[in-house]
Amino acid sequence: MLFSLDNLYRHYLQCRRNKRNTLNALRFEARQEEHLLALRDALVDHTYAPARSVCFVVQRPKLREIFAADFRDRIVHHVLVDALERTWEPIFIHDSYACRTGKGVHAGVDRLQQFIRQVTHNGTRRACYLQLDIHNYFMSIDKDLLFALLAPKIHDDDVLWLTRLLVFHDCTQDYLLKGDSELLARIPPHKTLFGTGPNQGLPIGNLNSQFFANVYLNGLDQFVKHQLKCRHYLRYCDDFVLLAPERETLLDWREQIARYLRENLRLELNPTRQRLSPVSDGVDFLGYIVRADYRLVRRRVVNHLHERLRDYEKRLVIERPTYRRYRFDPTLLDQLHATLASYLGHFQQADTYRLCQAIWADYPFLAQYFDFDPERSLLSRKYRPPGGFRRVADQYRYYRWRFSGDVLFFQVGRFCEFYHSDDAEFARRLNLTRLQPNHRRALWGFPIEQTRRQFRCLLEQGQSVVWIGSTGRYLTGIEERWPVGRVEPYSKLNKPPACFNADVKATIAVDDADHHWPRVARVEPGRRV
C-alpha cells in the first residue's frame, strides 16, 4: 500500500500545509487528481524520476546553498520518510532532536536545561560541557555508506528501490538557479554540491536529506551512549553537546568521538566550533544561552531582529521636515507581522519579558500597526478590521476607537464623512455644515476633491490625520475599508527632526512623491498602496 492513491493523497495534504501559496503547489492543486494518478502510476511502474530542483543561496546566518525539490517530489519524500520512520524511530536514541515528531528546537533546549540540572545536582556541584560540530556535514556524507546503513533495515522492494533512487540522485545535473548567481560563486568549494566528489553530499532543503542525516549519525549516538557511557548527551543534526562533572572526561570523549567519526563515517570534527567550558557560563545552543535556572536569547538573534525592524521602519515610516507619515501597506505589514510573530514565538521560550518591552520601546512605529501583550506574547493586527459590521457607522466607530485622538478621513464613495457627535470640534475647524438626516447617519462630510485642502488645514493646527480608504469589497453587506496612511505633525509629536529649521516658516503640504497620499483610488487588500 506504499504507492496507493490514499497514501499519496494523505502525504500530499501534509506536504501542502505550509506550501499551498507557492506557484508549484498551486499548479499541482489545480489538477491534483490527474497529477496524483500519474505519480502513482510512475511509482508503481518504477518509472518515476525526480524533476528539476530550484537552487538558490541564503545569506543568514551564513552563505548556504539550498536545493528545493519540485512539489511533486516533495510528496514522494514524505511517502518515503514515513515508511522509513517506522523502522528507524525505535532505533534512534531519545535525545536526537532534528526532524523528528515532537523533537524540535524547543524540546532540545528543554532537555539540555534538564541535563544541566541533573549533572550539577540542581546547581550544587560543578560540571562542564563539551559542544562539538561536524565539519561541512551535509557535503561530507558518503552516499555509498549511507545506503549501506539503510538497505539492511529495508524489507520492501518498493521502499528499497525508492531509497536507492533518492539517495544517489544528483540534483546538480538538472536545476534552475534563482537569485544572484554571484552569491553561488562566493560559496567555498567544500561547502557546495558542485565541489564534492562522486556519490558524496546531500542537498540541503529536502525532508529526505534531513532524515538521511539522522540515520548517518545514528551510529555516533549509539557509540556515545553505549560505548562512552555518556548519560547527558543530545544532538541536533550535526551539533551535539556532552556534559560531565570532570573536564578530563570530556577531553577523552572528544578524542574517541573524533576517531570514531574518522574511521566509521568518514567525517571530521570542526576545529573552530569546539567549546569546552563550565556549565555556569551558559551553553550557547539552538539560538539560546541555556543555564540551569533560566535561559536567554542569543545576541545574534536579537541583532538580526533589530536589523529587520530597522529595514521595515525605513519602508513604512516617511520623515518630512514638519510631519511623519506612516504607510499602511497590507502586504508589507503582513510580512512584518510574520517576522514579529516568529521572533516573539522564539523569545517566548526564554526569559525575555524585559527584552520584549525594550523592543517595543525602541521601535515605537510598531504601535501604529499592532497591539502587543508582553506577558502573554500576544500580537494582534490593528490594521486588519474585524468582520461582521452591519452599518457604516459601526465601521467608523471601530476605527475611531483604534485611532483615538486622530481625525478620520473616512471615505464613502466620493465623500469623506463623519459619524460621531464628538467630531463636532473637527467639523468646526474644517468649516463643515451639518448634513441633512440620511440613512447612513452621517453627521458631517465634504467632497473628496477637498481632501488636500482639509488635510493641510488640520496639519497646520497640529492635528494628526488617518485616511480610511475604500477597498471595493463587500463581505457583510457594506463595503470593506482599510487604513491607507496616518500623518502625525511634529508639533503634536513635540519632536522635530534634525533637518527642521525653526527659523524658517515651513509650509505643510502633501508630497506628491509619497504615493499621492491621501489618494482617491480604492485600496485593494494584499496589494501595495
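Modeller: Contact here means heavy atoms within 4.5 Å. In this chain, residues 24 or more positions apart account for 69% of the contacts with a separation of 6 or more. The model is a predicted one, in which local features need pLDDT of at least 70 and side-chain atom pairs count only at pLDDT 80 or more, while totals for chains, interfaces and linings use all residues. Residues are numbered from 1 along each chain as its sequence is written, and side-chain values use heavy atoms, with hydrogens and water left out.

Biologist: How many helices and strands are in the chain, and what share of its residues count as buried?

Modeller: Helices (H or I, at least four residues) and strands (E, at least two) are DSSP runs, numbered from the N terminus. The chain has 18 helices and 19 strands. Its C-alpha atoms fill a box of roughly 90 × 60 × 40 Å, taken along the principal axes. Buried means under 20% relative accessible area, exposed over 50%, and partly exposed in between, with a 1.4 Å probe and protein chains only. By that rule, 49% of the 529 residues count as buried.

Biologist: How is a nonpolar core to be read, and which residues have the most contacts inside the largest one?

Modeller: In soluble globular proteins, nonpolar side chains tend to be buried together. A nonpolar core is a set of buried Ala, Val, Leu, Ile, Met, Phe, Trp, Tyr and Cys residues joined through side-chain atoms within 4.5 Å. The largest one here has 82 residues, and Leu336, Phe347, Phe365 and Phe409 have the most contacts inside it. Helix 13 (residues 330-347) supplies the largest share of this core, seven residues. Not counting residues up to four places away in sequence, leucine 336 touches Leu309, Tyr312, Leu316, Phe365, Leu366 and Phe370. A second, separate core has 68 residues, including Leu43, Val81, Leu146 and Phe147.

Biologist: What does one learn from the length of a helix and from its buried residues, taking helix 11 as the case?

Modeller: The expected span of a helix is 1.5 Å times one less than its number of residues. Helix 11 (residues 247-265) has 19 residues and reaches 26 Å from its first C-alpha to its last, close to the 27 Å expected. Its buried residues are Leu250, Trp253, Ile257, Ala258, Tyr260, Leu261 and Leu265. Seen down the axis of helix 11, these buried residues fall within an arc of 165 degrees, so they line one face of the helix; the arc is that of the directions from the helix axis to the C-beta atoms. The face turned away from the buried side of helix 11 carries the exposed residues Glu248 and Glu263.

Biologist: Which elements do the buried residues of helix 11 pack against?

Modeller: They pack against strand 3 (128-133), helix 7 (143-150), helix 10 (207-227), strand 6 (239-244) and strand 7 (275-278). Just after helix 11, arginine 266 takes a positive phi of about 60 degrees.

Biologist: What span should helix 5 have, and which of its residues are buried?

Modeller: The 15 residues of helix 5 (residues 105-119) should span 21 Å, and its end C-alpha atoms are 21 Å apart, which agrees. The buried residues of helix 5 are Gly108, Val109, Arg111, Leu112, Gln113, Phe115, Ile116 and Val119. They pack against elements including strand 5 (232-236), strand 6 and strand 8 (283-285). Just after helix 5, histidine 121 takes a positive phi of about 55 degrees.

Biologist: Where does asparagine 218 lie, and is it buried or exposed?

Modeller: Asparagine 218 is in helix 10. Its relative accessible area is 7%, so asparagine 218 is buried. Not counting residues up to four places away in sequence, asparagine 218 touches Trp88, Ile91, Phe92 and Ile93.

Biologist: Where in the chain is asparagine 136, which has a positive phi although it is not a glycine?

Modeller: Asparagine 136 lies in the loop between strand 3 and helix 6 (137-140), and its phi is about 50 degrees. With a relative accessible area of 15%, asparagine 136 is buried. Cysteine 237 is not a glycine either, and has a positive phi of about 60 degrees. The place of cysteine 237 is the loop between strand 5 and strand 6.
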